[in-house]
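Take a look at the model below. Keep the sequence at hand while you follow the strands.

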Amino acid sequence: MADAPHRAPWIEQLFPQEVVSFALDDQGQPPPLMEEEEIWVKGAVEKRRLEFARGRACARQACAELGQPHRPIPKGSERAPIWPSGLTGSITHCPGLVAAIVGRLSCQLLRWYFLYYYLPYLWPHLFLYCN
């Protein structure tokens with residue numbers, strides 16, 4: 001039986017209220033990829049396939065929490081997720097954890113991207129365990 005993503009309040013507290021986050025540890029069986037997502041990890045080693053499946057499961061759950069239907073999260077030409085219309089987010093992984101944050105484009109999430117690029121000295125203080 002596959003593990004289900006769970007809410008990640010320790011991540012959500014870093015962002016505006018409109019942002020949701022789901023996480024999975026890197027043990028156990030992730031929910032299966034959707035058929036359309038399988039092509040993006042075809043030929044990848046098992047560790048990468050599992051990591052990708054966990055990240056996509058977290059992202060789909062976060063999108064569902066914001067009212068989006070259950071659908072694949074495609075990968076763009078630069079490997080970043082292509083979010084459903086009106087949403088933006090990020091998928092991350094590190095030893096022990098895979099997580100996704102998703103918010104509406106109208107929320108303040110984009111300010112955090114600004115902090116990431118223009119105030120990099122803050123980043124290690126905000127995220128101690130993940131990259």
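Which residue in E4 is the bridge partner of Ala23? The partner is Ala99. This is a predicted model, in which local features need pLDDT of at least 70 and side-chain atom pairs count only at pLDDT 80 or more, while totals for chains, interfaces and linings use all residues. Residues are numbered from 1 along each chain as its sequence is written, and side-chain values use heavy atoms, with hydrogens and water left out.

Start with the whole protein. Five helices and four strands make it up. Helices (H or I, at least four residues) and strands (E, at least two) are DSSP runs, numbered from the N terminus. Along the sequence, the pattern reads β-α-β-α-α-β-β-α-α.

Now turn to strand E4, residues 97-104. E4 pairs with two strands named here, and two strands pair if DSSP finds at least two bridges between them. Strand E2, residues 20-24, runs antiparallel to E4 over five bridges. Strand E3, residues 87-94, is also antiparallel to E4, over eight bridges. There, Ser90 stands opposite Ile101 in E4. E3 and E4 form a hairpin with two residues between the strands. In this hairpin, Gly96 takes a positive phi near 95 degrees.

How covered is E4? Seven of its eight residues are buried. Buried means under 20% relative accessible area, with a 1.4 Å probe and protein chains only. Across the 131 residues of the protein, 39% count as buried.

Finally, consider contacts, meaning heavy atoms within 4.5 Å. Among those between residues at least 6 apart in sequence, 53% join residues at least 24 apart.

Technical notes
Buried < 20%, exposed > 50% of the residue type's maximum accessible area, 1.4 Å probe, protein only.
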